[in-house]
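Thanks for making the time this morning.

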Amino acid sequence: MALSHKNGVALSGVSALNGIAKASIAAINGQTIAAEGGGGAFDTTFDAYYDSSWALTTSQADRTYSLPSKPSKASSLGTESLLDHFSDARVYRATDYANDALYLSPTRVRHEYSKRQAFNADNSLYLEQGSNGYWYLYDKSTFAKVAQTGGGGSIQGMAGDCEAIWHPTDASKIWYTDNNGGLIYYEYNVDTQTSSTLFTLSGKLPAGFETAARAWTKGEGRPSNDGRYWWLMIETDGFSHLGMVCYDRQADSVIGHFLSSQRPDHCSMSPLGTYGWCSYTSSPWATYYPRTFTGSINGGTTAYSSVEHEDLAIGADGTSEWVVYPDYSNTGYMIAKMLGGAGTSHQMVNLYPASGESTAVHISGLASELQPGWVLVSAYGSYSDYGSTEPAPTARWLYESCYWVRIGASPTPRIVSEMHSRRYGANSDLTYFAEPQATPSKDGTHILFASNWIGRSGTTEHVEPDDYLIGLPSWWSE
């Protein structure tokens, strides 16, 4: 993902955007940090709103499409904004950037990305980012902004591409760093509205990283699900790439690294903390490394030879780790490939459902933490006649929809919802944000997607998106 697409605004001096005084941040107290575990029961918030016989549709028939009226912002869980045409899933409009009393009048407010968790540990809050670079909290039950002490009720200290990550078990805490990465990661407490130091890499980096000023995943990665292991790209203040490190937060030390000037497009730790993942735009392409790896860039294992919109997930057995990616140029399928071992792979979904037709997708493995094997796919755009006609005239089941699919041989997708969003306009830095990029809670009962609500045919002008929440019952995967 291009960095300019992630930010969308100029953020010069962004570390001061919310006025945080870094000198006031408390130092690490030197105590051993126990790794927080994941886990937890499935959320039953939406169970009462569904008949016990309800199930997601598996029909792959073409559909008749019509654009519903754009709903008003929801104010309670008891009244959905609409029921989805596919599945009767409950859909709520979750933000309204024009009327949410936000600072500096952003032109959009939406979640960050499909591979970043927007929901806190108990699904009571969701995290949103404005086009102005500010971050906001919303209450899941009322869809109201939860005012914090930053400008316009934003979160003090968080700005731009600051790697915002919810604490895995404490619903009141968010982890973040400086815009575009820093050597210090902070922990923000929603209740006290204060930040403290989570960890620092200063003084802990191996030889060769002396000019380091930034540590980040470039906006797409996350630590292991328990928050212990972090796979980070290390750069100078001017964004010259120095290499990769694996930081163990429990040991408070770097346990693996390599030096390299080849910058990944993005990176991440695998969900169970076994591997560090790098996506390069040229050889060695999509590559993973054992977390204790020390050496040159050539020591990793190449999973496949392209990179676009992949994500990592836990397998259906609860112990294996997989990369799921769209293989547009080879098989034409979405592929799941196991990391390590024999490199077992499965063809998951045919992304070319008819001759000359296709769609683009984003993939999220976040729900595999509590729903092993399940990944959420959100499609955006479609074309026919080998790209000359857009959108494709026939609304295939997978076009402009989000759906679940479970890693394995010949899986059956479960369709969740239409998303009614369309990229349209000359400025790709803006149209990028119209991609729905659906992101689920760790049990899959809550899904956020972005939509500009202009439907399949769209308009001749770009329209900015808001966020929408899909609420599913706890038995959705049964």
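**Cysteines, a sheet and salt bridges**

Let me begin with Cys162, which is buried, with a relative accessible area of 0%. Please keep in mind throughout that this is a predicted model. How far is the sulfur of Cys162 from the closest cysteine sulfur? That closest sulfur belongs to Cys267 and is 16 Å away, which is too far for a bond. Cys278 is likewise in no disulfide, and here the nearest cysteine sulfur, again that of Cys267, lies at 5.6 Å, whereas the cut-off for a disulfide is within 2.5 Å. Cys278 also counts as buried, at 0% relative accessibility. The count of disulfides therefore comes to zero by the 2.5 Å rule.

Now to the sheet. Four strands make up an open sheet in the order S3-S4-S5-S6, and their pairing is antiparallel. At its edges are strand S3 (109-110) and strand S6 (145-146), each of which pairs on one side only. S3 is joined to strand S4, residues 125-130, by two bridges, with the two strands running antiparallel, and within this part of the sheet Arg110 stands opposite Gln129 in S4.

Finally, the charged side chains. How many salt bridges does a search of the whole structure find? The search finds 24, and I will pick out a few of them.

In one of them, Asp237 pairs with Arg214, with 3.4 Å between the closest N and O atoms. Asp237 sits in the loop between strand S12 (229-235) and strand S13 (241-248), while Arg214 is in strand S11, so that this pair links distant parts of the chain, 23 residues apart. Asp237 is exposed, at 54% relative accessibility, but Arg214 is buried, at 13%.

Another joins Glu369 to Lys442, where the closest N and O atoms are 3.5 Å apart. Because Glu369 lies in the loop between S24 and S25, and Lys442 in the loop between S28 and S29, the pair ties together parts that are 73 residues apart in sequence. Glu369 counts as buried at 17% relative accessibility, and Lys442 counts as buried at 12%.

A further salt bridge brings together the side chains of Glu435 and Arg423, at 2.2 Å from N to O. Glu435 is buried, at 2% relative accessibility, whereas Arg423 is partly exposed, at 30%.

I will end with a network of salt bridges, in which Lys70, Arg93, Asp96 and Asp466 are linked.

Technical notes. Residues numbered from 1 in each chain as written. Predicted model: local features only at pLDDT ≥ 70, side-chain atom pairs only at ≥ 80, totals over all residues. Heavy atoms only, no water. Buried < 20%, exposed > 50% of the residue type's maximum accessible area, 1.4 Å probe, protein only. Pairing = 2+ DSSP bridges. Salt bridge = Lys/Arg side-chain N within 4 Å of Asp/Glu carboxyl O.
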